[in-house]
Amino acid sequence: MTCPLCHNSRFAALGVKDRHEIIRCLDCGIRYVRNMPTEAELAAYYAAYHGNLKNVRNAARKVRRWRRRLWLLRRLARGPAFLEIGCNTGFAVEAARRLGFHATGFDLSTEAIACAQATFAGCSFQHGTAETAAASGKRYDAVLCSEVIEHLTTLDGFANALGDLVAPGGLLYLTTPDTEHFMTPRDLLGWKEICPPHHLIYFNRAQILRFLQDAGFRVVLFLPVWHKANIRVIARRVA
């Protein structure tokens, strides 16, 4: 398998975690699972995964937290159309609505979408992926992808979908675990975020910057994150 980011085929083996071999690209340095799960394997895995519905009882607190996180995005956005890819049960989508966005969420889990629709009636929720959303032809002034990119098996289709979804001059807010954060343990394979088949591709800031530039975005800022090993970045779609 070639590197999902730079498409080169030179790699170094890092070890095995949960029966999956983790490797590092010798060209761009990104870490990823060598033999990615098939679509059928992932579908079976997520069909049995019910963690997305836990803590729904804490919805009010989670919405408030996302409202604080999305405040800057609302200030920078040039219009009100908002989309979250991987919205789970809709906390961030509802927070965006309360900030004045016209808010939509997509998620692969029909269970999560049903819960979101029942909990946040003022928002729009649909079942699907970034590619599904892009196929509609609609463009958005602000798109949120929080803790999504590390779940993918490939990056090209996702990058193309983001390019189609974010309007020229629009914003993308992306978050993912950070392999080079000061809080990331030196024993990388012992890190809880290295958890295949749940997480499959592992980024640092330089690799996220490369992904965004290749996808047609210019970074506005990397947001500081002190309490956890995480990347949070806002980027603008190049017109």
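Does Asp18 count as buried, exposed or partly exposed, and at what relative accessibility? Asp18 counts as partly exposed because its relative accessibility is 42%. The legends below refer to a predicted model.

**View 1. The open sheet of four strands.** The strand order is S1-S2-S3-S9, and the pairing is antiparallel. Strand S1 (11–17) and strand S9 (201–202) stand at the edges; each has a single partner strand, so one side of each is left without a neighbour in the sheet. Strands of a sheet pair through backbone hydrogen bonds, in either the parallel or the antiparallel sense.

**View 2. The pairing of S3 with S9.** Strand S3 comprises residues 31–33 and pairs with S9 in the antiparallel sense, over two bridges. Tyr32 stands opposite Ile201, a residue of S9.

**View 3. The loop between S1 and strand S2 (20–25), with Asp18.** Asp18 is not a glycine, yet its phi is positive, at about 50°. Arg19 is found in the loop between S1 and S2 as well, and its phi, near 70°, is also a positive value in a residue other than glycine. Most residues other than glycine have a negative phi. Arg19 is exposed, because its relative accessible area is 79% and the exposed class begins over 50%. Asp18, at 42%, counts as partly exposed.

**View 4. The surroundings of Asp18.** With neighbours within four places in sequence left aside, Asp18 is in contact with Cys195 and Pro196. For Asp18 and Phe120, which are 102 residues apart along the chain, the separation of the C-alpha atoms is 37 Å.

View 5. Most peptide bonds are trans. Pro197 lies in the loop between strand S8 (166–177) and S9. S9 (201–202) is one of the strands at the edges of the sheet in View 1.

Notes: Residues are numbered from 1 along each chain as its sequence is written. This is a predicted model: local features need pLDDT of at least 70, side-chain atom pairs count only at pLDDT 80 or more; totals for chains, interfaces and linings use all residues. Side-chain values use heavy atoms; hydrogens and water are left out. Two strands pair if DSSP finds at least two bridges between them. Buried means under 20% relative accessible area, exposed over 50%, partly exposed in between (1.4 Å probe, protein chains only). Contact means heavy atoms within 4.5 Å.
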